[in-house]
Amino acid sequence: MKPEKLPHVVIVGAGFGGLETAQKLAHAPVQITLIDRHNYHLFQPLLYQIAIAGLVPSQIAYPLRTIFRRQKNLTFQMSEVTSIDFNARYIRTNGSVIAYDYLVLAIGGQTNFFGVTGAEENGFQLKSIESATGTRNHLLRMLEQASREVDVEKRRALLTFVVVGAGPTGVETAGALAELITHVMTKDYPAMDLKDVRVILLEATGNVMATYPPELRKATMRLLESKNVEILLNTRLTDYNGQRITLADGEQIDTYTLIWTAGVRSAELTDRLGVQQAASKRVRVEPTLQLPQRPEVFIIGDAAYLEDGKGQPLPMLATVAQQEAKVAAQNLQKILNGETPESFQYKDPGLLATIGRNAAVARIWGLSFSGFIAWVIWVVLHIYRLIGFRNRLVVLINWAWDYLFYDNQVRLITRE
Ligand SMILES: Cc1cc2nc3c(=O)[nH]c(=O)nc-3n(C[C@H](O)[C@H](O)[C@H](O)COP(=O)(O)OP(=O)(O)OC[C@H]3O[C@@H](n4cnc5c(N)ncnc54)[C@H](O)[C@@H]3O)c2cc1C
């Protein structure tokens, strides 16, 4: 007797959403093909640690073939998906055409430069291993160049570091960078005058951490200022030519380093799908996470646009992507069983951001924490969420070492 053919589920993207969907379907009567352009799952919340020489890429990325070694109903393929034919139900990659019965798109997002002149070409970003490693190399190179620069103005520009966007990533990056220089680099460069160093955090709105409650915004300002980060609120960048930033009021600041953390939009593939897009180019989905008129297609995570009960778009967060993944996997199985899919409801697990090596802000169980306690919560949660026991152990040892000895260990300038 011929074995029954199982429905073929194609999952595109093995980030937070795709990984969780694939794992939740491990025992479902389906055959899964998981596709990603990379052969690893990346823990993006710690990318800034690569940039500030705190961790190496292999500590925050994990090979997908290892993760799914034991999942018998899944095949992994490393490819770039270039187009999708929703009518004929196939995807095209850079090398093959793959037919699907069900499709889960979890392709994430990419940096949004909002058209600011020169920011993308001349600035740095934290979105991938390559961009974070490139940022680390550049930061360390600036310190090397500054150490041999005799021109005072040029040295100041080399030691001026501008971070754009005071959301959690910008705050974490600016705080950690300020500490790297004050506590670690002053030991490597004893002649460095800290008066020449500026870490500037630029924010177009009137607040740091706009989505956080007022008491945590205040705590964030206080903690950043204690680390000598200059915070410029209501300040809009209009141009960056690689050597100088220009602000909306015409002021200019000489700098060779601009790290852009001010915006995210959905991954570029969403522009080529011929579907309805909303804010940040995310694809509008039904409350069940299905694509309108295409019940066999689910879109989740940063690529999907769905509003909460108050009409606000769900944030582009790993927690949203993971919760959506669970519901998408459940709904797919409901459809297979002839049941009606359920609507997605986001359960906010709280807010958490770190500001250097011993301070953080957190909002958990309706309570606000700041300072050392919040930092301990941050460390525990991030270690727990990393994939792989070895990674958890190595990162824990690394952070303990940095904490005790003020010594970020990855201070290597490598060729790009
Ligand atoms: C620096 C930084 C810090 C962050 N900090 C936090 C935080 O502290 N807490 C939090 O909750 N969230 C944080 N986020 C946001 C969080 O990482 C995202 O919301 C989350 O990754 C979204 O999950 P996703 O599955 O939608 O996409 P992703 O995790 O981005 O995964 C998308 C995957 O799709 C793949 N892909 C994309 N296009 C294609 C294609 N055409 N073909 C093949 N593969 C493709 C990509 O390679 C990637 O692996 C942070 C993000 C960044 C960049």
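How far from an oxygen atom of the ligand does a backbone N or O atom of Met-316 lie?

Modeller: The separation is 3.2 Å, between a backbone N or O atom of Met-316 and an oxygen atom of the ligand. This is a predicted model, in which local features need pLDDT of at least 70 and side-chain atom pairs count only at pLDDT 80 or more, while totals for chains, interfaces and linings use all residues. Residues are numbered from 1 along each chain as its sequence is written, and side-chain values use heavy atoms, with hydrogens and water left out.

The shell around the ligand holds 27 residues, of which Gly-17, Asp-36, Gln-44, Val-81 and Asp-302 are the closest; a residue is near a molecule if one of its heavy atoms lies within 4 Å of it. By class, the shell has twelve nonpolar, ten polar and five charged residues. Here Ala, Val, Leu, Ile, Met, Phe, Trp, Tyr, Cys and Pro count as nonpolar, Asp, Glu, Lys and Arg as charged, and the others, Gly among them, as polar. Helices α1 (16-24) and α9 (318-336) each supply at least two residues of the shell, and α9 gives the most, with three. Helices (H or I, at least four residues) and strands (E, at least two) are DSSP runs, numbered from the N terminus.

Ala-22 is the next point of interest: its backbone oxygen lies 2.8 Å from a polar atom of the side chain of Gln-71. Gln-71 is placed in the loop between α3 (64-67) and β5 (74-78). Gln-71 counts as buried because its relative accessible area is 12%; buried means under 20%, exposed over 50%, and partly exposed in between (1.4 Å probe, protein chains only).

On a 1 Å grid over the protein atoms alone, a cavity is a set of points where a 1.4 Å probe fits but cannot get out, whereas a pocket is an open set with protein on both sides within 12 Å along at least five of seven lines; lining residues have an atom within 4 Å of a point. Grid points are joined across faces, edges and corners, and a volume is the space filled by probe spheres set on the points. By this rule there are two cavities of 30 Å³ or more.

The largest cavity holds about 250 Å³ of space. It is lined by 18 residues, with Gln-49, Glu-179, Gly-356, Arg-357 and Asp-402 closest to its centre. α2 (47-51), α7 (168-188), α10 (372-385) and α11 (389-405) each give at least two residues to this lining, and α7 gives the most, with six. Nine residues of the lining are nonpolar, five polar and four charged.

The second largest cavity has about 40 Å³ of space, and its lining includes His-41, Phe-43, Tyr-62, Arg-385 and Asn-391. That lining divides into six nonpolar, two polar and one charged.

Helix α5 (residues 129-148) gives the most to its lining, with three residues. Seven residues of this lining are nonpolar, one is polar and four are charged.

Most residues other than glycine have a negative phi. Asn-228, however, has a positive phi near 65°, and it sits in the loop between α8 (214-226) and β14 (229-232). Trp-365 likewise has a positive phi, near 50°, in the loop between β25 (360-364) and β26 (367-371). Asn-228 is exposed at 59% relative accessibility, and Trp-365 is exposed at 75%.

Methods
A polar contact is a pair of N or O atoms within 3.5 Å; within protein, one must be able to donate a hydrogen and the other to accept it, and residues adjacent in sequence count only if both atoms are side-chain atoms.
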